[in-house]
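Subject: Structure handover and findings

Hello,

Here is the structure to keep with your notes. Please look it over before reading on.

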Amino acid sequence: AGPAPNLGWPQRLERALHDHAGAAWKLHIRAVEWTSSQLWYELVMRKTTPEDWKHFSVVILSLSVNNEGFLLTEDEEKMNQIQEHFLKHMRLTVTELRQRLAPDARLVLAGCYANDGYTMKHLEIVKHINQQMSQWPEVHFVNLLQEHVSDLKGHWPSGFSRDPGHPNSLGHEGLFKCLDLQTVLGDFW
């Protein structure tokens, strides 16, 4: 099973914000399962206006390269093509969001996370994707592939997943612990 109700990492973040600042924060979760980086770019460009984003203090974008069909291949050339496609559209999305957000708003990008289907080549590419995104100046990057939520093969620790690619409640707790709230939220914390 996935996380119990209200035990996903976004809901844990919402509780932490509420505990820290009371009712001053309202969390809007726009998660859509199995969406790709290109779809999110198109959603930002075609379904929203710049004004839609101006009232947000913090936007967290978290999307997995696995939604691009990454685990469906072990062909290195195809894996590299998927990596480039993912990075291209994530970069376009980040650039567009940064332009649409208020100047003092924070844009947070969560990196790729564990998956029990990773081969060592998959993991190498996932680490490269995370490294690339961590260098983008428009974002505050969150590494979701930390030791407490993945082993040396990029797999979930025992008891952390509902299926090979998704965390359960314990996995979501681990992902939440990847967030350094002071770093992620800056002056808003």
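Below is what was found, by topic.

This is a predicted model, in which local features need pLDDT of at least 70, side-chain atom pairs count only at pLDDT 80 or more, and totals for chains, interfaces and linings use all residues. Residues are numbered from 1 along each chain as its sequence is written, and side-chain values use heavy atoms, with hydrogens and water left out.

Largest pocket

The largest pocket holds about 1400 Å³ of space. A pocket here is an open set of points on a 1 Å grid over the protein atoms alone, where a 1.4 Å probe fits, with protein on both sides within 12 Å along at least five of seven lines. The volume is the space filled by probe spheres set on the points, which are joined across faces, edges and corners. Its lining has 44 residues, and Pro-10, Ile-29, Arg-30, Ala-31 and Ser-62 lie nearest the centre; a lining residue has an atom within 4 Å of a point.

At least two lining residues come from each of helix 1 (9–21), helix 2 (37–47), helix 3 (50–53), strand 1 (58–62), strand 5 (166–167) and helix 6 (169–177). Helices (H or I, at least four residues) and strands (E, at least two) are DSSP runs, numbered from the N terminus. By class the lining has 27 nonpolar, 12 polar and five charged residues. Nonpolar covers Ala, Val, Leu, Ile, Met, Phe, Trp, Tyr, Cys and Pro; charged covers Asp, Glu, Lys and Arg; the others, Gly among them, are polar.

Helix 2

Ser-37, Trp-40 and Val-44 are the buried residues of helix 2. They sit on the same side of the helix because they cover an arc of only 65 degrees around the axis, taken from the directions from the helix axis to the C-beta atoms. Buried means under 20% relative accessible area, exposed over 50%, and partly exposed in between (1.4 Å probe, protein chains only). The buried residues of helix 2 pack against helix 3 and helix 4 (76–100), whereas Arg-46 and Lys-47 are exposed on the face turned away from the buried side.

Gln-38 is also in helix 2 and counts as partly exposed, at 30% relative accessibility. Not counting residues up to four places away in sequence, Gln-38 touches His-85 and His-89; contact means heavy atoms within 4.5 Å. The C-alpha atoms of Gln-38 and His-89 are separated by 5.3 Å, although the two are 51 residues apart along the chain.

Aromatic pairs

There are two aromatic pairs. Rings of Phe, Tyr and Trp (its six-membered ring) pair if their centres lie within 6.5 Å; planes under 30 degrees apart count as stacked, over 60 as edge-to-face and the rest as tilted. Trp-53 and Phe-56 form a tilted pair, 5.8 Å centre to centre with 50 degrees between the planes, and both residues are buried. Tyr-113 and Trp-156 also form a tilted pair, at 5.9 Å and 35 degrees. This pair links distant parts of the chain, 43 residues apart. Tyr-113 and Trp-156 are buried too.

Leu-71 and Asn-115

Leu-71 lies in the loop between strand 1 and helix 4 and is partly exposed, at 27% relative accessibility. Beyond four places in sequence, the contacts of Leu-71 include Asn-115 and Gly-117. Asn-115, in the loop between strand 2 and helix 5, is buried at 5% relative accessible area.

Regards
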